[in-house]
Structure formats: C-alpha cells, structure tokens
Amino acid sequence: MKTIFKLLLLALVFTSCDDVEPTVFNGNNESNDSFLSFSQSVYNLTIERDGVGELEVVLNASTVSSSDRVYNIEVDPGDTDSAANPATYTVPTTITIPAGEFQGMMTISGVDGGLVDAAIKNFTINITNLDAETEYMDSESATINVYEVCTVFADFSGNYEISMPNLGLTDTPYITAGVYNLATTTSPFERTFTVASPYADFGVPSTTFTVSLACGASNFTEAVDTGLACATGNNLINEPAPLGSTGSYDPSDDSSFTVRITENAASACGGSPVLTTIQFTKVE
C-alpha cells in the first residue's frame, strides 16, 4: 500500500548547483542598498589524481560602487567525517568586486597530495564583513565539495534512458523511467540533467542533478531533501552513495553507466535507508 506523504512548506534543498536566486541589478545608484549573493550555493572543486585543480567563485552585487569593495572570506573546515582535509585546498582571504562592476571573483585551488579520493568531502566559505546598514545576503556562506577525478575520454552527454526501481514508501521511482538529456558543464568531470517531477504525483518540484565522474566512481554530488514526510518525523532525504558503494563507469565507453544513491537516508515514515542503483543507457 502506498504510504501517504504530505509536502511540507519548508525551505527545500535541491541538487542543482544553481539554486541561489539570481541577483536583480538595480543600477548605478550608490545610494541604493546592495544585495549580494554567491553565484551558487554549492561549488565543486575537482582535483586530478596526483595533480591539482582550480575553482572560480563568483560574488554578485545588485549595485555598483565608485571604489573597490573588499569582502573577507573565512573558511569553516567542518568537524565531521565529510570534512575535506585542509591540506588539500587553498582559499584567498578576500574577494573583491572592482569599482564600477557588479561581480567579483576569486580562485580556490586544490592539490591531491595523496589525500583526496572519489569520496565527496566539503568545507564552507563565509563572508564576515558585510555593512549591516546597506548590504544584505540571503546566505553569507557557500559549500565547496572536494573530490578526486581522472581523465574522461568518452563524451558522456546527449540522450540517455534512465531506469531505477520503485521506492517502497512511495510506490514510485525517484526518477521516472524515460529519456533524459545529459548536458556538459564547465567541468569535464560533471554532467547535469533535469527531472520535471521526482517521485511523480507527490508534488516535488523540478530538480537538476549533477553527476560526478570521479576515477571510475559515478555519483550525484549532493543530498536532496525532497520535502516529503509523514505527519511526524524526518523528511525523505536521498544522499549520494558512500565511497565503495557508488555507481561505476568506463572512462572510454559512454554507452552505459550507473549511479547509486541512498534513498530515505533519514529513515522517514519508519522506513529504512535503501541503496538504489540508477541505470543510464545511451540512446543513439
């Protein structure tokens, strides 16, 4: 029997890396208050095996200024098993929006050093010196994922047929079987695709997933809080599979690959976490 969920009116967290509201520019009037935002709430710092990697972080502002605006960056390394090793990344201490510009950029660098693998680790960056009277942000922080990658020779883009089993709690699959378009990104090690309605008929909004291709291990890059729940208890949350249980791919053959996730990681509705395999098969 289908377990009945209700869609809670919560701030949902989705896998799209573009889930920060776009900045609405309000012109050159410096007397206006300024709204600032990172271009993404989650960034991926991919580091090549035995090599290095770089990530460009963008800070948007809704106004311009006649002088440079310099913002202090503080790193929160975290203290859980998912925390990235601080020896594997270097973060600038400031980010500057130049005079007359709406955007500023900084580069975060990473190094393998035998300390990075395909397991996605992370840390957080925070802006600490906003002007409390004139500058505002919905969130003064962004998450940086860190993981190891290897050269991908095949294309891994275009139309793929996706299939996966139903989740018992919903009697429906997380991703409805069908053909989806995998799109390339600025990173050669990531692909994205969009699902109009995960767990169809339950009202979960459209979600964009990012697939990481990390040295033979294929995985989603973020956990997803679907917002679905029973009357009490935890939400239905799906997480990337842990290292050793991920999907797999052949870097020279993009005809098919798998991704594995932990569905219901928080044991919503009295259920248990389920390790689920998602099959991707290229459609010629």
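# Briefing on a predicted protein model

A search of the whole structure finds two salt bridges, a salt bridge being a side-chain nitrogen of Lys or Arg within 4 Å of a carboxyl oxygen of Asp or Glu. The structure is a predicted model, in which local features need pLDDT of at least 70 and side-chain atom pairs count only at pLDDT 80 or more, while totals for chains, interfaces and linings use all residues. Residues are numbered from 1 along each chain as its sequence is written, and side-chain values use heavy atoms, with hydrogens and water left out. The points below treat salt bridges, the sheet, aromatic pairs, disulfides and one threonine.

- Side chains of opposite charge can pair when their charged atoms come close.
- Arg 49 forms a salt bridge with Glu 148, and the closest N and O atoms are 3.3 Å apart. Arg 49 lies in the loop between β3 (42-48) and β4 (52-61), and Glu 148 lies in strand β11, so the pair ties together parts that are 99 residues apart in sequence. Helices (H or I, at least four residues) and strands (E, at least two) are DSSP runs, numbered from the N terminus.
- Arg 49 is partly exposed, with a relative accessible area of 45%, whereas Glu 148 is buried at 6%. Buried means under 20% relative accessible area, exposed means over 50%, and partly exposed lies in between (1.4 Å probe, protein chains only).
- Asp 254 and Lys 282 meet through their side chains in a salt bridge of 2.7 Å, N to O. This pair links distant parts of the chain, with Asp 254 in the loop between β20 and β21 and Lys 282 in strand β22, 28 residues apart.
- Asp 254 is buried, with a relative accessible area of 13%.

**The sheet**

- Strands of a sheet pair through backbone hydrogen bonds, either parallel or antiparallel.
- An open sheet is formed by 10 strands in the order β17-β19-β21-β22-β12-β13-β14-β15-β16-β20, with antiparallel pairing. The edges are held by β17 (224-225) and β20 (247-248), each with a single partner strand, so one side of each is left without a neighbour in the sheet. Two strands pair if DSSP finds at least two bridges between them.
- Strands β13 (residues 178-184) and β14 (residues 190-195) run antiparallel and are joined by two bridges. Ala 183 has Thr 192 in β14 as its bridge partner.

**Aromatic pairs**

- A pair of aromatic rings is described by the distance of the centres and the angle of the planes.
- A search of the whole structure finds 12 aromatic pairs. Rings of Phe, Tyr and Trp (its six-membered ring) pair if their centres lie within 6.5 Å; planes under 30 degrees apart count as stacked, over 60 as edge-to-face and the rest as tilted.
- The rings of Phe 156 and Phe 257 have centres 5.7 Å apart and planes at 70°, so the pair is edge-to-face. Phe 156 lies in the loop between β11 (141-149) and β12 (158-163), and Phe 257 lies in strand β21 (residues 256-263), 101 residues apart.
- Phe 156 counts as buried at 0% relative accessibility, and Phe 257 is buried at 3%.
- The rings of Tyr 180 and Phe 193 have centres 6.1 Å apart and planes at 65°, so this pair is edge-to-face. Tyr 180 belongs to strand β13 and Phe 193 to strand β14, 13 residues apart.
- Tyr 180 counts as buried at 14% relative accessibility, and Phe 193 is buried at 2%.
- One aromatic cluster includes Phe 156, Tyr 180, Phe 193 and Phe 257.

**Disulfides**

- A search of the whole structure finds two disulfides, a disulfide being a pair of cysteine sulfur atoms within 2.5 Å.
- Cys 150 is joined to Cys 215, with an S to S distance of 2.0 Å. The link of Cys 150 and Cys 215 is right-handed, with 95° about the S-S bond.
- Cys 230 is joined to Cys 269, with an S to S distance of 1.9 Å. The link of Cys 230 and Cys 269 is right-handed, with 120° about the S-S bond.
- Cys 230 counts as buried at 18% relative accessibility, whereas Cys 269 counts as partly exposed at 25%.

**Thr 276**

- Thr 276 is found in strand β22 and is buried, with a relative accessible area of 3%.
- The side chains of Thr 276 and Glu 263 are joined by a polar contact of 2.7 Å. A polar contact is a pair of N or O atoms within 3.5 Å; within protein, one must be able to donate a hydrogen and the other to accept it, and residues adjacent in sequence count only if both atoms are side-chain atoms.
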